[in-house]
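Here are my notes for you to read alongside the model. Have the viewer open and click along as you go.

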Amino acid sequence: MTTSTALYTDRYELTMLAAALRDGTGARPCVFELFSRRLSGGRRFGVVAGTGRLLALLREFRFGEDELRFLRDNDVVDAATLAHLEDYRFTGTIRGYREGELYFPGSPILTVEGTFADAVVLETLALSVLNHDSAVATAASRMSIAAGERPLAEMGSRRAAEHSAVAAARAAYIAGFGATSNLEAGRSWGIPTMGTAAHAWTLLHDDEESAFRSQIAALGTDTTLLVDTYDIRAGVELAIRVAGTSLGGVRIDSGDLPIVAAEVRAQLDELGATGTRITVTSDLDEYAIAALAASPVDAYGVGTSVVTGSGYPTASMVYKLVARQDAAGSWVPVAKASTDKASKGGRKAAFRSLEHGTATAETIAVSAGFDELDVPSEHPDARALQVVLVENGEIDPSHEGAEGTASARAHHLRVREELPIRALALSKSDPAIPTMFVEAR
């Protein structure tokens, strides 16, 4: 097995590369842009996630002996292209929105500058990472907003492919979840992990009392007991009898949750366990969490809906060529004009226009050339959205690993405060702020 990520690539990228190397256009300086034409599901904002993962994968984007052998044996490209790929290292510059940043239709989330040969081969990798992680993060942020101050735990690993599960846990953490059940996510990204017991634990024992006593003996009274394997009311009574009124928590995984939670809270209080917390799970999404806002629930565990983007498993991002040099060395903006799939040519810089700390517009300055793009004069209070992620092939390591993940989480929670109040609603609507394109001066 190899650690290379170079074949996480669609074949047509390499066939385009081969043709461009043959006709000489592979050396043309180009600007590619990753963006989304619309927000999935009528959502009011999107959340950028996956940047740190992408940079780590870019470090391993190398064509070693195994990769080159596969391409050669399957006649994917010619010998000249194989020789080019043998020495391939991305030597261009990548600018983008900070991980955890909000985005809107047309936001230049990632800008890749380099030769055509340098940049075209990164399309599939960039899209597969950012489309998945941003879809999860957008759903997770909506759930975090719906939950308010109540903690959220991600527990959807069994509903995703093994690598996607780890990526989803990371994206959910960036967007406001406080913990994950996935141990690899804890090891790789420094995310707090949680988990106690499933129904199988109770069913393993001869009776519920034996299961509870064994769990308390192993984990202490601060643990959380799952009380709905048989009868919830009997389970709650037994839990307090076994653990005492200092029991840390009970978990409910079934039933009409608003009604059941109220009944369990009343029963716990009657038994004197006023400090015992109630965690609810059971197919929660942002709408179910919002419906529980008035219920006596202390924490939520979310699985399927968060790791699948709550019904929208992709952020619908695309990767398009938006500028290139011509044969004379002049910059030319280029754009796709297809119906419903048009792009806007030119190199771009993005700014978040604010009034009294509240976002009012996504302002994007567009340049036909390669001039520096500054804050538009009509928006002097705008906040610049892009940072340099890779410069002349050198990756900024501050966005990677556990530290990069923690930084992305802090950034997201900070910039989410800029959203106007209408952005917090869960109903389908237009984006919370408009995207405004202005010509660079």
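1. Asp231 caps the N-terminal end of α11, with a side-chain oxygen 3.3 Å from the backbone nitrogen of Arg233. That is a polar contact, meaning a pair of N or O atoms within 3.5 Å; within protein, one must be able to donate a hydrogen and the other to accept it, and residues adjacent in sequence count only if both atoms are side-chain atoms. Just past the other end of α11, Gly244 has a positive phi of about 85°.

2. Before going on, some ground rules: this is a predicted model, where local features need pLDDT of at least 70 and side-chain atom pairs count only at pLDDT 80 or more, while totals for chains, interfaces and linings use all residues. Residues are numbered from 1 along each chain as its sequence is written, and side-chain values use heavy atoms, with hydrogens and water left out.

3. Does the length of α11 agree or disagree with expectation? Its 12 residues (232-243) should span 16 Å at 1.5 Å a residue, and the end C-alpha atoms are 16 Å apart, so the two agree. The expected span is 1.5 Å times one less than the number of residues. Helices (H or I, at least four residues) and strands (E, at least two) are DSSP runs, numbered from the N terminus.

4. Which residues of α11 are buried? They are Ile232, Gly235, Val236, Leu238, Ala239, Ile240, Val242 and Ala243. Buried means under 20% relative accessible area, exposed over 50%, and partly exposed in between (1.4 Å probe, protein chains only). These residues pack against α10 (208-219), β8 (224-226), β9 (249-252) and α12 (257-270).

5. Contact here means heavy atoms within 4.5 Å. In the largest nonpolar core, which has 54 residues, Val264, Val280, Ile289, Tyr300 and Val306 touch the most other members. Such a core is a set of buried Ala, Val, Leu, Ile, Met, Phe, Trp, Tyr and Cys residues joined through side-chain atoms within 4.5 Å. A second, separate core of 51 residues includes Leu14, Val120, Leu125 and Ala350.

6. Now the sheets. One is open, with 6 strands in the order β7-β6-β11-β10-β9-β8 and parallel pairing. At its edges are β7 (179-180) and β8, each with a single partner strand, so one side of each has no neighbour in the sheet. Strands count as paired if DSSP finds at least two bridges between them; β6 (152-154) and β7 are joined by 2 bridges, and Ala153 stands opposite Ala179.

7. The other open sheet to look at has 4 strands, ordered β16-β14-β15-β19, with mixed pairing. Here β14 (347-355) and β15 (358-367) pair in the antiparallel sense over 9 bridges, with Ala349 opposite Ala365.

8. Two loop residues deserve a click. Asp75, between α3 (65-73) and α4 (79-86), has a positive phi near 50° without being a glycine, and is exposed at 63% relative accessibility. Ser282, between β10 (277-280) and α13 (286-291), also has a positive phi, about 70°, but is partly exposed at 25%.

9. Last, Glu60 sits in the loop between α2 (51-59) and α3 and is partly exposed, at 34%. Apart from residues up to four places away in sequence, Glu60 touches Thr3, Ser4, Thr5 and Ala6.
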